[in-house]
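These are my notebook entries on one protein chain.

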Amino acid sequence: MSVSKFREELKNILKEPNTTTITSIKKIVQENNYFSLSDADRRSILDQVLRCYVLDIVLSKPSNLYDVCNMWTSFTIDLVRNEMCTAIMPVVILSDMFDVTTMDVCEKMFDHVESNVNVLKEPQFFMACKNNLLRMCNDLLRRLSRSRNTVFCGRILLFLAKFFPFSERSGLNIVSEFNLENVTEYLDENHFDQTEDMPEDSIPEDETKSDIIIEKVNVDKNLYLKFWSLQDYFRNPNQCYKAEHWKLFISHTDFIFSTFQSHKLEHVNRMDSESAEQNMHYFPKYLTNQKLLELQLSDVNFRRYILIQFLLLFQYLDAPVKFKLDNFKIKPEQQEWIKNSITTIYELINNTPPDGVRFSEVVKNILQREEQWNKWKNDGCPEVTKRPPTSDQTDMPAPKRRLRRNLGDVIKNMTANNKVFLGDPELTKLWNLKPDNLEACKGPERDFLPSFDSFFQEAFEQLDPELCIENQYKKVNDGNFGWRALRLLARKSPHFFAQSNNPIHKLSEYLENMIKKTMSKEKVSINQGSDKHVSPNKEFKKESVIESEEVDIAEGIQDENENENNIEVEDKNKISKQIIDQVAAKIGEKWNVLAEKLGYQPDEIEFVKTIKTTPLDQATYLLEVWVEDAENPKPENLIYILEEIQLIEAANILKS
């Protein structure tokens with residue numbers, strides 16, 4: 001069999017590329033192994049056949065060229081993995097396709113290059129493909145227009161940044177050169193007055209509708225020329241190191257800052273975020289028509305672009321760049337002016353809506369990262385690798401691993417000793433301190449409650465009218481003391497749970513009554529046990545306690561009547577059953593959203609679903625439970641929550 005016949009058989013097999021095709025190619029190679037061909041020669045033959053065959057398919061202009069590109073790219077990658085062809089073939093196939101197709105088709109097919117970036121970074125492909133891939137991307141960039149195909153150019157550059165490592169010198173501006181060809185063209189003094197006025201009708205209607213309210217800026221010849229002349233300093237910052245240029249730069253910059261400060265922007269939301277993103281446009285170059293400058297100065301993004309340009313320029317002037325000339329240094333008075341200007345810029349950014357303060361913080365973080373990249377370039381762009389272990393760490397012998405005991409043996413030994421093993425040493429130690437944990441919890445050393453005498457002594461003494469202590473300084477009016485007192489009474493006082501018809505209106509009054517009852521009995525029992533003789537002063541105190549109790553009962557009856565009136569007022573504020581049914585009908589299937597807003601837990605919501613089947617019954621039940629259990633079930637509170645979850649119709653029923 002001749003080599004030409006071998007090629008023909010390969011062409012016939014390649015008509016339907018799939019996994020069986022690779023097996024068929026291997027079979028043909030084995031059948032023709034009597035040729036005195038090396039593996040490299042066989043790969044070269046298959047490479048040539050592949051290139052010619054795929055190129056013929058692309059030149060025939062199939063309708064599904066996008067799928068064809070994906071199919072052959074994946075197939076050649078599989079061939080390389082099976083060592084059937086050379087490692088550069090996937091990139092060569094893609095490069096041939098890009099050479100014979102239009103830029104619109106190339107932009108679509110570039111998806112396959114981006115999706116296979118991790119495959120091409122593998123050691124099997126990287127070293128062989130990197131030069132061909134770089135050449136292919138550069139050819140595409142030369143064919144593209146930087147102003148009209150901005151997005152596609154950006155995709156190619158981002159792909160190269162992902163594909164090549166940081167230390168790849170072909171992608172680094174090591175000597176810190178500026179793109180001096182990037183010139184911003186604008187009208188000079190001679191041509192400014194000769195331009196014709198742009199009619200107002202030529203301004204699109206969409207541009208006149210702005211989200212910004214601003215006073216009209218008087219754009220004259222002076223402002224126009226000073227504003228756009230600054231772009232030359234941004235293009236070549238090294239001009240600022242010359243004295244005559246520096247004076248001119250300071251003059252123009254101060255004038256622009258004063259213009260920005262005198263015309264502050266005020267943001268007004270007129271569109272949602274999605275429509276705002278759709279209406280945003282990106283321009284790679286500034287538009288320098290004198291009639292547009294008034295609109296540009298009232299644009300938030302334009303103002304931020306200019307201010308960030310100033311920050312980048314100031315950072316470069318004071319940064320230690322390795323390839324700067326020795327005479328490129330700024331003086332102390334220049335540093336002071338730059339420092340004040342940076343403060344002014346951040347004030348302008350903070351005052352520029354929307355989210356000025358947040359945008360300012362983002363800019364500061366970006367500039368701080370730029371300092372780190374500048375230091376990395378000054379160090380010669382070293383590779384970003386993990387630090388090797390130090391010599392001390394490598395010389396140290398590896399620690400010997402302790403043999404772990406079998407878990408079953410540990411539990412068996414602990415059980416034999418009437419102990420519990422919990423897996424954690426501290427928990428095991430804590431759990432085995434006492435043989436009976438319940439009895440240990442009941443021990444006297446764990447009783448941290450204070451006695452009545454020690455806790456209420458000061459409050460009881462303050463109740464004596466002879467001391468003339470004002471109410472605001474009494475401990476019973478202290479909220480912290482009241483909370484602790486109620487907890488102590490609940491644990492130790494028999495009067496706390498006694499049934500009473502007198503409602504509690506003020507905590508301080510209740511505590512006074514309870515302290516008098518409790519402490520008086522304590523004092524009486526102590527005095528009867530120690531001394532039978534009671535002094536007249538103590539008898540007077542007992543009588544005063546009895547009289548105060550009688551007064552309290554009379555006041556309680558009066559307070560009870562007032563409480564009944566309050567209950568009637570509260571009943572009027574309660575939501576009726578009829579209103580609940582109407583509101584539940586409007587809530588419907590959104591009752592679970594309302595339940596979450598009302599503070600109910602997921603298990604409580606699931607319980608409602610189990611006892612009620614329809615959404616109407618579930619919503620009705622939820623509202624009834626809320627009216628009965630809530631601390632303040634006023635209609636105003638429910639209206640606020642319903643409006644928050646966009647149930648306006650239900651809220652209107654409560655309002656009516």
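Does aspartate 111 count as buried, partly exposed or exposed, and at what relative accessibility? I found that aspartate 111 counts as partly exposed, at 30% relative accessibility. Buried means under 20% relative accessible area, exposed over 50%, and partly exposed in between (1.4 Å probe, protein chains only).

Basis of the entries. I worked from a predicted model, in which local features need pLDDT of at least 70 and side-chain atom pairs count only at pLDDT 80 or more, while totals for chains, interfaces and linings use all residues. Residues are numbered from 1 along each chain as its sequence is written, and side-chain values use heavy atoms, with hydrogens and water left out.

Whole chain. I noted 32 helices and two strands; these are DSSP runs (helices H or I, at least four residues; strands E, at least two), numbered from the N terminus. Of the 656 residues, 32% count as buried.

Salt bridges. I took a salt bridge as a side-chain nitrogen of Lys or Arg within 4 Å of a carboxyl oxygen of Asp or Glu. The count comes to nine. Aspartate 111 pairs with arginine 155 at 2.6 Å, N to O. Aspartate 111 lies in helix α6 (residues 103-115) and arginine 155 in helix α9 (residues 150-163), so this pair ties together parts 44 residues apart in sequence. Arginine 155 counts as buried, at 19% relative accessibility. I also found a salt bridge between arginine 155 and glutamate 114, at 2.9 Å, N to O. Glutamate 114, in helix α6, is 41 residues from arginine 155.

Separate entry. Arginine 235 forms a salt bridge with aspartate 232, at 2.5 Å between the closest N and O atoms. Both lie in helix α12 (residues 221-235), three residues apart, about one turn of the helix.
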